[in-house]
Amino acid sequence: MSLPKILAYTHQVIGEVLSVGGIAIDATVGNGYDTLFLAKQVGSQGRVYGFDIQQTAISITRKRLIEHHASEQVELFLNNHALLHQDIPLVYKGKIGAIMFNLGYLPNGDHQIITTAHTTQYAAEQASEWLMKGGRMTLVLYTGHSGGEAEASTVINWASSLPTKQFRVDWYQILNRHQAPSILIIEKNT
Ligand code: SAM
């Protein structure tokens, strides 16, 4: 058996902790692949909150969810993920089982609209407070586009400084592939 592809790996890591009835956040819905994955994991009894700053991404994702009969459990917001507290009911703070960030630009979309270092760090910081104990957050980091290196190192520096007592932070990277994305996995300790 070969090792999973890098994006499939995030689904594996999240799938281990997110089950039916759970609550999840997709911080960057993009083309909706991760949103659909989360929606299937939590089922109709769960809840997924999805964010993107582009209407195109929200529309593509909504269409994908409808096609797969998985739209009922998902709320999509045309909003910056740094403002997630505006849209998610406060009662869910500390109760989110999984949070996914897939950074960079919308594939097949406008490559100038990208996630940025400070907003991403701030959003991830906020998100870590919404995570439940035992919950996991994944961040896929890309370095091949302008600003990507700076964003990746800002986020990695922030994650490295998270208190060991509260969090475990892993960083997964394919070392022998040029500019391969890497994955940060943040787990909140129980
Ligand atoms: N997870 C997606 C999927 O499964 O198809 C791919 C996400 S794509 C790599 C990154 C997305 O982040 C883009 O659609 C972009 O519009 C969005 N984005 C950029 N800055 C954002 C922000 N501040 N808040 C929310 N979304 C943002």
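The following legends describe close-up views of a predicted model.

**View A. Strand 2 and its pairing with strand 1.** Strand 2 covers residues 47-52, and five of its six residues are buried. Strand 1 (residues 23-26) runs parallel to strand 2, and four bridges join the two. Within this pairing, A24 stands opposite V48 of strand 2.

**View B. Strand 2 and its pairing with strand 3.** Strand 3 (residues 74-78) is also joined to strand 2, here by five bridges, and the two strands run parallel. The bridge partner of Y49 is E75 in strand 3. Together with helix 3 (residues 55-67), strands 2 and 3 make a β-α-β unit, which is right-handed.

**View C. Helix 5 and its surroundings.** The buried residues of the helix are A117, T120, A123, A124, Q126, A127, S128 and W130. These buried residues pack against several elements, including helix 4 (84-87), strand 4 (96-102), strand 5 (131-141) and helix 6 (148-160). Strand 6 (167-173) and strand 7 (182-188) are also among the packing partners.

**View D. H145 in its loop.** H145 lies in the loop between strand 5 and helix 6. Its relative accessible area is 15%, and because buried means under 20%, H145 is classed as buried. Leaving aside residues up to four places away in sequence, H145 touches G104, Y105 and I114.

Technical notes:
Residues are numbered from 1 along each chain as its sequence is written. This is a predicted model: local features need pLDDT of at least 70, side-chain atom pairs count only at pLDDT 80 or more; totals for chains, interfaces and linings use all residues. Side-chain values use heavy atoms; hydrogens and water are left out. Buried means under 20% relative accessible area, exposed over 50%, partly exposed in between (1.4 Å probe, protein chains only). Contact means heavy atoms within 4.5 Å. Two strands pair if DSSP finds at least two bridges between them. A crossover is right-handed if, with the strands pointing away from the viewer, the path from the first strand over the helix to the second runs clockwise.
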